[in-house]
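The sequence and structure are shown first, and the description follows.

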Amino acid sequence: MEADLLENPTFTLGPEVKERMLASYLGCALGDALGATTEFLTLSEIAKKHGVHKEITGGGWLHLRAGRVTDDTEMNLALGRALIQARGYDGHVVANEFVLWMRAKPVDMGSTVRQGIRAYIETEKLEQEEAEWMGGNGALMRNLPSILATIGDEEKMKEWSLAQARITHHHPDADDGLIMMAQMIHLALLKGGRAQLKTLAFAWAEKSKRWDYRRYKLSIDGYICNTVKVVLHFFFTTGDFEDCMIGIVNAGGDTDTNAAIAGMLAGAFYGLESLPKRWLKAVERKTTQEIETQVNQIWEIFHEPKII
């Protein structure tokens with residue numbers, strides 16, 4: 001799917017874009033920490049247990065302490081460390097960071113991610129063979145640093161996004177969902193309006209009904225097409241960051257990943273001031289500190305000064 005993100009191809013990446021980068025990254029962590037409490041519950045189970053879940057309280061099936069993030073945020077941080085270390089994309093540096101993350105015994109890890117990292121350890125191959133069961137959301141959930149580092153260069157954004165994805169995931173739907181959401185977040189970072197974002201979403205829906213968020217139905221799985229529809233449904237049917245996150249984490253299913261991805265988009269779109277301060281205070285400080293550090297480093301390495 002091709003889409004022209006920039007009407008004017010020459011402008012300066014200013015400090016407001018850097019702020020949106022930070023809001024997007026922090027938004028990912030907030031969604032992750034909020035959604036971990038309700039992950040794998042159904043809508044009715046959430047309502048019975050929590051009423052309306054709207055605070056970062058921890059718990060959930062992983063029995064997390066309040067403010068703890070999961071693999072969604074942690075794998076973004078691993079990818080970010082790799083891009084910063086290599087000052088660009090180096091597949092082995094990325095894969096090795098994923099290995100280090102896995103060996104640190106994270107609190108959660110998807111089965112496709114686990115198998116992909118183990119395959120890399122055994123073979124050092126940076127691309128998995130295509131498989132039907134690789135159509136999940138595990139590569140999309142961790143892709144934000146690739147987007148942040150390539151703002152203004154859509155071809156490089158696609159290249160880096162797919163390269164990091166193929167370490168663990170290789171499926172046409174996983175590829176398309178990854179690129180679609182990368183384009184959406186990219187456009188939001190560049191201050192694209194709601195109408196522009198809808199136009200991009202509708203263009204993907206015309207390619208395949210699988211991506212039409214207007215066909216959203218409650219789903220408890222992590223299949224990439226369902227994830228994209230959940231994210232876009234709540235993004236386009238709410239009016240601010242907080243309402244978007246609350247809607248998603250109360251819908252059930254893969255709530256931490258759905259909310260982490262939605263947090264990337266909504267954070268980029270609504271900006272830093274939209275992030276609830278009580279949620280920011282609730283997330284572990286070591287996580288928000290590393291996010292802030294990575295955004296500064298990504299900005300310095302890849303964007304300052306830069307005209308696109």
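## An aromatic cluster

Ring pairs join F202, Y213, F235, F236, F269 and Y270 into a cluster. The model is a predicted one, and the values given here were computed from it.

Within this cluster, R194 is placed over the face of F235, at 5.4 Å from the ring centre.

## Aromatic pairs

The count of aromatic pairs comes to 12. One of them is formed by F40 and W61, whose ring centres are 5.5 Å apart; their planes stand at 45 degrees, so the pair is tilted. This pair links distant parts of the chain, 21 residues apart: F40 belongs to the loop between α1 (15–35) and α2 (43–50), and W61 to the loop between α2 and α3 (71–86). F40 counts as partly exposed because its relative accessibility is 47%. W61 is also partly exposed, with a relative accessible area of 41%.

A further aromatic pair, F235 with F269, is edge-to-face, with 5.3 Å from centre to centre and 85 degrees between the planes. Because F235 lies in helix α10 (residues 224–236) and F269 in helix α12, the pair ties together parts that are 34 residues apart in sequence. F235 counts as buried, since its relative accessibility is 0%. F269 is likewise buried, at a relative accessible area of 16%.

## Helix α12 and its end

Helix α12, which carries F269, spans residues 255–270 and is mostly covered: of its 16 residues, 15 are buried. Just after α12 comes G271, which takes a positive phi of about 90 degrees.

Which residue lies in the loop between α11 (241–249) and α12? N250 is found there. With a relative accessibility of 14%, N250 counts as buried, because the limit for that class is under 20%.

Definitions and conventions: Residues are numbered from 1 along each chain as its sequence is written. This is a predicted model: local features need pLDDT of at least 70, side-chain atom pairs count only at pLDDT 80 or more; totals for chains, interfaces and linings use all residues. Side-chain values use heavy atoms; hydrogens and water are left out. Buried means under 20% relative accessible area, exposed over 50%, partly exposed in between (1.4 Å probe, protein chains only). Helices (H or I, at least four residues) and strands (E, at least two) are DSSP runs, numbered from the N terminus. Rings of Phe, Tyr and Trp (its six-membered ring) pair if their centres lie within 6.5 Å; planes under 30 degrees apart count as stacked, over 60 as edge-to-face and the rest as tilted. A charge sits over a ring if NZ of Lys or CZ of Arg is within 6 Å of the ring centre and within 35 degrees of the ring normal.
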